[in-house]
Amino acid sequence: MEILDKIRILADSAKYDVSCSSSGSTRGKEGSGIGNTVPSGICHSFTADGRCISLLKILMTNYCIYDCAYCQNRISNDLERAAFTPEELISLTMAFYKRNYIEGLFLSSGVVVSPDHTMELMLRILKTLRIREKFKGYIHVKIIPGASPHLVHEAGCYADRVSVNIELPEAENYPVLTPQKTQQAILKPMDQIARNILENTEERRISRHAEHFVPAGQSTQLIIGATPTADGKILSLSQKLYDRFELKRVYYSAYIPVSTHALLPRLESPPLLREHRIYQADWLLRFYQFRAEELLSAEENLDVNVDPKTQWALSHMELFPVEINRASYEMLLRIPGIGLTSAKRIWKARKLSPITYEGLKKMGIVLVRAKHFILVGGKYYGNFALNRDYIYEAISERKDVLQMNLFQEIDRRLGLENKKDDPSKILQAARLTSALISEKQIISRSSGGEL
Ligand code: SF4
């Protein structure tokens, strides 16, 4: 088979894995080496659906002896197969790197012969790149579940980042959907890598010449929507992974229907909005000091119409409004619409003088959501007097919420159904309608700002 055909098949097969990101590694160019992972040498970017595009992201082979129902490379699937030899992949990586097509390599593989055999082939690629070719670029390698601990450790000595994909959030789904794997067998190498990273940190504290062990840490991937698992359970698992294994990232991949397995859902399209909300909630866990159990109970799902921080705030209205001039930094971070940068700006500015509403705008803080949850100098600037339902409706990102039933809803809430001729009620309705419409217009333009 021609190399170009192998690239076509194996790059396409790798696209379902989203657990790659090049952040966190600082391997520099030394002596006669080639490549560099420091900021100017490697950058990572993501396509609209979250796939990393700056690395050569490829499978060594899409042959696989396993039969994971949610995976297109499963043994029972009739698809075009291909395999690179280690030398082919090495020369491809070097050629692409020298032509400046890529900044690094993301290497994964189906399982051929056995987990150890596959891991050994992948290791041969890694070691040859690093030792013979003196390749200093970024390498992210997938750990094959079931591979022996010494092979896992060796991979960590040559790669910048490693990942072991959990895929299914609940252990009970494994026997049916991925019969050759268990969640325990996947958590075991993660645990080993976490311990090896800690040991390496100690070694490097004693001697700065000690070799790095996975300097960019480990990550994993969870599939969203292949099983009926609620968002609360998914976030709680992520929380445990961050706490226990100090994972750099948990990636979430909306399930792409590639199988007609009876236990997999028949989706018309991947649940991308749900995936987006889970990423936002994950951001709250990592940077906003939230715990998974604060956001959702295990059986709950995130509301796709509002971001998770707004959802949390709307169910804790007793904590609001928060006086911007007095709130703790932790509480500033919990105000919907006030992100890390805005909270820092407020914290710094108010040490000099009290903050005004105009001052907040001048700081570049987008107040569309925040104004419903704050007091500035004792004054409330929201339109709905802390009414949870009105605020929800005003800032909901679902386009049809307003259009669908705005007028009926306003009639119902103001008790207008039988009082169409009451001038005071009609005036109230007109004010509420115009407030809702202008809020919706502003929100739809500003979505995507700080959480
Ligand atoms: S082991 Fe990996 S490549 Fe093989 S079927 Fe399962 S998920 Fe797919």
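What pLDDT does the protein chain average, and what share of the residues score at least 70? The protein chain averages a pLDDT of 83, and 80% of the residues score at least 70; pLDDT is the predictor's confidence in each residue, from 0 to 100. This is a predicted model, in which local features need pLDDT of at least 70, side-chain atom pairs count only at pLDDT 80 or more, and totals for chains, interfaces and linings use all residues. Residues are numbered from 1 along each chain as its sequence is written.

**Confidence along the chain**

Helices (H or I, at least four residues) and strands (E, at least two) are DSSP runs, numbered from the N terminus.

| Stretch with pLDDT under 50 | Contacts beyond four places in sequence |
|---|---|
| residues 38–43 | 16 contacts |
| residues 45–51 | nine contacts |

**The six-stranded sheet**

An open sheet with parallel pairing is formed by six strands in the order β1-β2-β3-β4-β5-β6; two strands pair if DSSP finds at least two bridges between them. β1 (55–59) and β6 (249–254) stand at the edges with a single partner strand each, so one side of each is left without a neighbour in the sheet. On average, neighbouring strands of this sheet are turned by 20° against each other, direction ignored. Axes are lines fitted to C-alpha atoms, for helices over the stretch in contact, and angles run from 0 to 180 degrees between N-to-C directions.

Within this sheet, β4 (residues 161–163) and β5 (residues 218–224) pair in the parallel sense over two bridges. V162 stands opposite Q218 in β5. Helix α3 packs on the sheet and touches β2 (104–108) and β3 (138–142), its direction making about 170° with that of β3. Helix α8 (residues 272–287) lies across β5 and β6 and runs at about 165° to β6.

**The three-stranded sheet**

Three strands in the order β7-β8-β9 form an open sheet with mixed pairing. Its edge strands, β7 (322–323) and β9 (379–380), each pair on one side only. β8 (residues 374–376) and β9 pair in the antiparallel sense over two bridges, and L375 stands opposite Y380 in β9.

**Around the ligand**

The residues around the ligand are C64, Y66, C68, C71, N73, R74, G110 and V111, where a residue counts if its C-beta atom, placed from the backbone, lies within 6 Å.

Conventions:
Two residues are in contact if their C-beta atoms, placed from the backbone, lie within 7 Å.
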